[in-house]
Amino acid sequence: MRETGDGWWLVHVGNDRSVAEIALLVLALCEGSELQLRDLWVPRLTALLWSRIDVHGRIHTHADDAVASDAYQDYFPGQVLLALAAATRAGLTTVDETKLARAFRYYRHRFHVRPHFGQVSWLAQSCCAWYEVAPDREIADLAFEVADWILGFQQHKTGAFLNDHQSDTPGYTTALYLEALGVAAALARSMGKEQLHLDYLEACRRGLQFLDGLIIQSRDQSLLPNPALAIGGLRRSARASEICIDFVQHYLAASTEIVGAAACNPAHRDRAAISAHNSA
């Protein structure tokens with residue numbers, strides 16, 4: 001960590017300082033058990049995150065604006081808003097209501113004008129997290145808009161989601177979109193939107209069914225030189241065997257969200273739990 005004129009940043013050689021690293025560190029600290037570290041660092045780190053929201057609500061993603069291309073706006077702002085919600089829930093930051101309102105107004109407009117697959121997971125999660133902290137119907141509606149938009153890209157036959165860079169061979173990115181649908185299903189349940197809750201859970205079930213075919217399981221042992229290291233991995237697609245840690249992480253996160261959202265419906269809960277168990 002290094003303190004600069006505009007706050008504390010994570011710094012290491014060859015890396016452009018960004019809010020993504022700060023946001024994910026805040027999330028980890030808020031979930032962790034090291035209370036001394038959490039209490040020391042989360043207020044400092046969230047002060048930096050709040051400072052990155054400008055008068056229009058746009059979140060400046062990098063310490064050096066020269067490297068902050070518009071593509072980062074699809075990912076990093078949702079992470080920042082999610083981290084701020086987690087810190088608020090933990091009582092470790094003071095909410096700047098003006099900046100928060102401006103940020104959601106800005107990114108709601110951006111999604112309406114330029115919806116993109118990169119926004120889906122983080123934006124939906126941040127909306128649901130803030131609704132839990134401070135219920136706001138407009139924030140909830142944005143989460144449902146994101147969920148409804150991505151449902152338009154789910155294949156009827158397989159349950160996979162097509163996107164702009166995997167249109168011919170859907171794969172691991174289906175897990176990212178299931179993260180959004182899982183939290184949206186939980187939000188719909190908490191708001192009494194029973195049919196929407198069931199619709200989202202059904203989409204999740206079909207998505208998990210597709211991902212099950214990409215997860216390396218005991219059925220694949222005869223093809224593996226070291227099954228103990230491979231089982232549980234999520235392949236890039238049906239045509240590619242590459243496995244990265246983020247593929248698996250997104251699947252596990254999606255499974256956790258879906259199991260939680262299905263908790264009040266035994267039939268949906270059992271199916272989701274089975275799929276989550278397979279990934280382990």
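1. **Before you start.** This is a predicted model, in which local features need pLDDT of at least 70 and side-chain atom pairs count only at pLDDT 80 or more, while totals for chains, interfaces and linings use all residues. Residues are numbered from 1 along each chain as its sequence is written, and side-chain values use heavy atoms, with hydrogens and water left out.

2. **A pair of rings to begin with.** The structure holds 11 aromatic pairs (rings of Phe, Tyr and Trp, the last by its six-membered ring, with centres within 6.5 Å; planes under 30 degrees apart are stacked, over 60 edge-to-face, the rest tilted). In one of them, the ring centres of Phe 117 and Trp 149 are 5.1 Å apart with the planes at 50°, so this pair is tilted. Phe 117 belongs to helix H5 (residues 117-133) and Trp 149 to helix H6 (residues 137-151), so the pair ties together parts 32 residues apart in sequence. Helices here are DSSP runs (H or I, at least four residues), numbered from the N terminus.

3. **The other partner of Phe 117.** Phe 117 also pairs with Tyr 177: the centres are 5.9 Å apart and the planes at 45°, so this pair is tilted. Tyr 177 sits in helix H7 (residues 173-190), 60 residues from Phe 117, and the pair links distant parts of the chain. Both residues are buried (under 20% relative accessible area; exposed is over 50%, partly exposed in between, with a 1.4 Å probe and protein chains only). Trp 149, at 22%, counts as partly exposed. Ring pairs join Phe 111, Phe 117, Trp 149, Phe 153, Phe 161 and Tyr 177 into a cluster.

4. **Helix H6.** H6 has 15 residues and spans 21 Å from first C-alpha to last, close to the expected 21 Å (1.5 Å times one less than the number of residues). Its buried residues include Ile 139, Leu 142, Ala 143, Val 146 and Ile 150. An α-helix has 3.6 residues a turn, so residues three or four places apart point the same way. The buried residues of H6 pack against helix H4 (97-113), H5, H7 and helix H8 (194-212). At the start of H6, a side-chain oxygen of Asp 136 comes to within 2.8 Å of the backbone nitrogen of Glu 138.

5. Which residues does Leu 187 touch, leaving aside its neighbours within four places in sequence? They are Cys 128, Tyr 131, Ala 140, Ala 143 and Phe 144, where contact means heavy atoms within 4.5 Å. Leu 187 is in helix H7 and, at 4% relative accessibility, counts as buried. Leu 187 and Ala 143 are 44 residues apart in sequence but 8.6 Å apart in space, C-alpha to C-alpha.

6. **Gln 125.** This residue of helix H5 is buried, with a relative accessible area of 11%. Beyond neighbours within four places in sequence, Gln 125 is in contact with Leu 82, Glu 179, Val 183 and Glu 257.

7. **Cysteines.** The structure holds zero disulfides (pairs of cysteine sulfur atoms within 2.5 Å). For Cys 204, the closest cysteine sulfur is that of Cys 128, 11 Å away and too far for a bond. Cys 204 is buried at 0% relative accessible area, whereas Cys 244, at 25%, counts as partly exposed.

Conventions. Helices (H or I, at least four residues) and strands (E, at least two) are DSSP runs, numbered from the N terminus. A polar contact is a pair of N or O atoms within 3.5 Å; within protein, one must be able to donate a hydrogen and the other to accept it, and residues adjacent in sequence count only if both atoms are side-chain atoms.
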